[in-house]
Amino acid sequence: MSFANPAGLAALGAVFLVILLALLRVRERRREVAEIALWRDLRSVPAARIQRARALVDPLLLLQVACAAALALAVAQPAWRAQTERGQHIAVLLDASASMQAVSTDSATLFAQAVQVAVQQLDRLPAPNVSVVLVSSRPSVLVGPEPYGSSTRAVLHSSAPSWNGDADGDDILSALAALGGAEAFDRILWFGDRPPVSLPFAIEAVVLPREANLAITQFAVRERASGGVSAFVEVANETVEFQSLAVVVSDGSTRANVETLLEPGERGAVTAFFPSSRGSRFTASLAADDGFVADNVRYAAIDRSPPLSVRWIGEDNRFLRSALEAAAPLEFTDAAEADLTVVYDAALAQLPPRPALLVRAQLPGLVTESNASVSGFAASDVSHPLLEGVRPEEIYVEHLDRAEVALPHRVLLRVGDNPLLIEVADPEARHYVLLSDLTATNLPITVEFPILIRNLIELAVQRATPAPGDEALVGRILPLPASGDATAWGPAGDVDVLRIGDNELAILPEKPGFYGIAGPDGERVVAVNLDSCESTLSAPDMISEEPAGFAGAVTQPHWRSLGPGLAGAALALLLIESYVESSRRRRGGRGL
Amino acid sequence: MQQLIDEDFLRRLPQLRFLSRRRAGTQLGGTHASPRAGMSIEFADYRAYTPGDDLRAVDWNVFARLDRLLVKTFVQEVDVPVYLLVDVSASMRCGSPPKALYAARLALALGYLALRGLDRVGLFPFSERLLDPVAPRHGLAQFGRFLRALSPIDPAGRTSLPASVEQFLGRTRESGIVVILSDFLSVGELAEPLARLRHRGDEVAAIQILDPKEQMPVATGLVEFVDVETDERVTLRVGPAALAEYRRAFENRQHALRHVLARQGVPLFVTPTSRPLEAVLHTDLRSGGILR
């Protein structure tokens with residue numbers, strides 16, 4: 001027997017209070033009489049002789065004491081272990097989540113150990129009817145209700161864990177609902193490494209201890225607006241020793257190695273930067289020799305930014321083109337709606353409608369005098385985002401024609417009094433005009449040039465910050481954005497596209513890795529990973545050097561509470577006491 | 001102590017008077033002049049003439065019509081004092097309301113009736129002895145003295161009727177109507193004082209005032225009983241059997257009390273304190289021949 005609320009036993013003090021009150025009541029019952037002779041004579045009546053002990057043992061007092069004791073015990077909520085051998089309808093819940101793939105020192109997976117323990121338990125029972133459910137985030141019924149026998153054992157031994165995450169209460173309820181609900185079973189046995197919580201019914205759980213584990217618990221990549229990709233990796237040391245964890249991050253063509261030292265039970269984060277990466281599929285791998293290898297690799301995908309469309313007018317210039325290509329992927333076009341228009345040594349009738357960089361271009365409102373030129377280092381009188389990181393004094397101009405600008409403008413760089421770089425004031429789009437030929441300056445060979453071009457693209461084109469790629473978990477439905485036909489592939493080849501609802505498509509990834517979805521809007525890559533919960537142990541004390549014994553490792557025994565029964569008994573005693581008391585009063589009340 | 005009596009109660013009292021055997025007797029008017037002042041003579045009946053009768057008493061009109069000699073008889077009213085002996089011992093403290101309070105109210109009512117009937121009335125509280133008696137007098141002013149004598153009531157001391165009657169006889173030389181109001185719990189010592197009263201010629205009536213729970217106790221469980229007069233203590237376990245035995249013993253004692261009083265020719269009126277005073281006066285005492 002045990003008590004759910006042991007503090008409630010303090011209420012047993014009420015019993016002593018009842019006895020104390022009874023004693024006080026006996027002492028205080030005193031009556032003055034006018035003449036005592038008649039009462040004195042009653043001493044000869046046997047029933048009236050004083051027997052104090054007997055007087056104390058009043059049936060009413062006994063009832064009151066019993067009632068108080070029952071109430072106090074009801075508050076303490078005693079419970080007794082139910083007899084577990086009586087049930088014949090058994091539901092076996094086998095934890096088939098990914099963590100059950102972990103291998104112990106004897107090379108057996110946790111799942112195999114769970115099967116072994118389950119078989120041992122079932123062998124002890126006299127001919128039970130058994131249902132077996134593989135429990136994970138996608139539970140499945142392995143064996144329907146059938147008499148337990150060799151065929152059941154064979155099915156159990158041939159089963160395997162999934163890559164899915166742990167099941168929650170709803171998952172288990174839905175699986176049992178297919179078998180008639182939890183109430184259809186006399187016993188529900190659960191075997192796994194982490195018992196489910198928040199179940200509305202009692203289960204008997206056999207917990208198998210996990211081995212020490214090293215894991216990548218989170219992996220994410222982000223494309224930086226200024227170019228390049230950052231990778232963030234969270235690693236966990238679920239061992240009892242300090243561990244130096246070496247992580248290799250790859251974008252398919254480039255590898256980055258990062259390392260960190262973690263305390264026992266500690267989690268840490270490392271980052272890797274790919275400054276010129278064009279990849280969209282990233283992999284983080286942990287070089288670890290632990291029992292659970294499934295969480296040593298994680299995947300991440302990103303949707304890369306679309307290329308910058310450039311309309312080039314005039315002569316080609318390889319310095320300018322290289323600087324543009326270094327800043328962003330380019331796609332040259334003749335369309336007027338290009339992201340950026342580049343005009344090099346050409347004449348325009350009017351300013352382009354979209355952002356533009358004009359180098360030594362002839363424009364209405366811009367008059368240059370070719371026979372009057374200046375030379376010297378550039379200077380700037382303004383603070384402008386275009387010049388962020390640019391040092392004007394590093395720019396030398398050998399030949400700059402004097403110019404008269406009739407357009408509304410702002411001078412960003414100048415040589416002497418002559419404008420070198422101006423921003424035309426146009427509310428529709430940003431236009432920047434470089435009045436000198438690049439070959440007449442040292443710009444192509446300075447670091448200021450690529451900085452200036454990068455600033456120009458960020459400022460003029462206003463490209464959106466790249467969004468992080470899609471992420472998904474194994475065993476969870478992955479809806480597809482495509483509404484029409486779509487095809488999908490995964491690590492093991494083609495993947496079936498499921499139709500859910502009226503017009504929605506989805507896939508169910510069963511393994512971690514990259515999945516591609518091809519639809520009317522193009523192809524999209526999704527990284528599917530293991531549920532990070534599978535990598536973590538529920539508590540440090542679950543880390544053990546040796547596998548724990550299996551037999552009878554019941555951590556959630558089936559208890560039956562005696563509280564309601566005791567409360568009912570207390571009520572019944574109270575009613576009986578009231579009846580006895582009222583009967584006494586009817587026969588001759590207590591009042592004097 | 002609660003208020004003894006109020007005017008409304010007194011106004012509501014019936015027109016009753018004490019009835020004395022001596023006063024109720026018939027005498028030939030004028031034969032023995034009353035030695036006492038205030039007496040009156042009223043016609044009572046006719047009877048046949050016998051030699052020696054006063055010829056003045058012959059009704060000559062009847063003789064003329066019927067030719068028979070009849071003489072008239074008259075009621076001779078004598079002035080009979082009323083003595084109210086009220087027990088104020090500690091035992092009268094018991095009950096709810098206390099028996100002493102009930103006795104005091106009843107005594108005041110009786111005194112008021114007697115005074116209104118032009119009787120001389122005296123009040124004699126007693127316990128172990130007489131306590132501050134009020135000598136018999138006429139007139140309603142006497143009622144005020146009664147009130148002062150009985151208010152406040154503080155019952156105390158043991159009961160001794162023999163000693164009290166001894167003192168009473170020493171203080172009053174004239175016989176009269178003696179009404180004793182007490183709980184009469186000591187039966188053994190009653191005979192001698194009652195005999196002395198009877199010997200003097202007093203007409204004695206006993207009104208026993210009891211608390212209902214003395215007649216029918218309802219106590220149960222372990223009870224310590226304390227005698228309010230002697231402080232003697234008896235602890236008993238009271239149950240149905242003990243209560244039945246008590247009631248049986250109580251009836252036996254009442255029977256003994258009636259026997260002792262009957263031998264002295266003293267009527268007994270048992271009055272529980274729950275009984276209205278009007279009922280006691282109008283029904284019990286009237287039907288018992290004490291009042292009319």
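Two strands count as paired if DSSP finds at least two bridges between them. Strands (E, at least two residues) and helices (H or I, at least four) are DSSP runs, numbered from the N terminus. The model is predicted: local features need pLDDT of at least 70, side-chain atom pairs count only at pLDDT 80 or more, and totals for chains, interfaces and linings use all residues. Residues are numbered from 1 along each chain as its sequence is written, and chains are lettered from A and ligands numbered from 1 in the order in which they are written.

**A sheet from both chains**

Select S2(A), S9(B) and S10(B), which form an open sheet of three strands in that order, with mixed pairing. Strand S2 (30-33) of chain A and strand S10 (233-238) of chain B are at the edges; each has a single partner strand, so one side of each lacks a neighbour in the sheet. From one strand to the next, the twist averages 30° (axes are lines fitted to C-alpha atoms, for helices over the stretch in contact, and angles run from 0 to 180 degrees between N-to-C directions). Next, pick out S9 (residues 221-227) of chain B, which runs antiparallel to S10(B) and is joined to it by six bridges. Here B:Leu222 is opposite B:Arg237.

**The five-stranded sheet of chain A**

Move to chain A and select S6, S5, S4, S7 and S8, an open sheet in that order with mixed pairing. Its edge strands, S6 (140-147) and S8 (204-207), each pair on one side only. The twist averages 15° from one strand to the next. S7 (residues 187-192) of chain A pairs with S8(A) in the parallel sense over four bridges, and A:Trp190 has A:Ala205 as its bridge partner.

A contact here means C-beta atoms, placed from the backbone, within 7 Å. Helix H7 (residues 169-177) of chain A also packs on the sheet, touching strand S4 (89-95), S5 and S6, at about 145° to the direction of S5(A).

**A hairpin in chain A**

Go to strands S11 (residues 243-250) and S12 (residues 255-262) of chain A, an antiparallel pair joined by eight bridges. A:Ala246 is opposite A:Glu259. Four residues lie between the strands of this hairpin, where A:Gly252 takes a positive phi near 105°.

**A loop residue in chain B**

Finish at B:Leu19, in the loop between helix H1 (7-12) and helix H2 (21-24) of chain B.

Note on methods: Contact = placed C-beta atoms within 7 Å.
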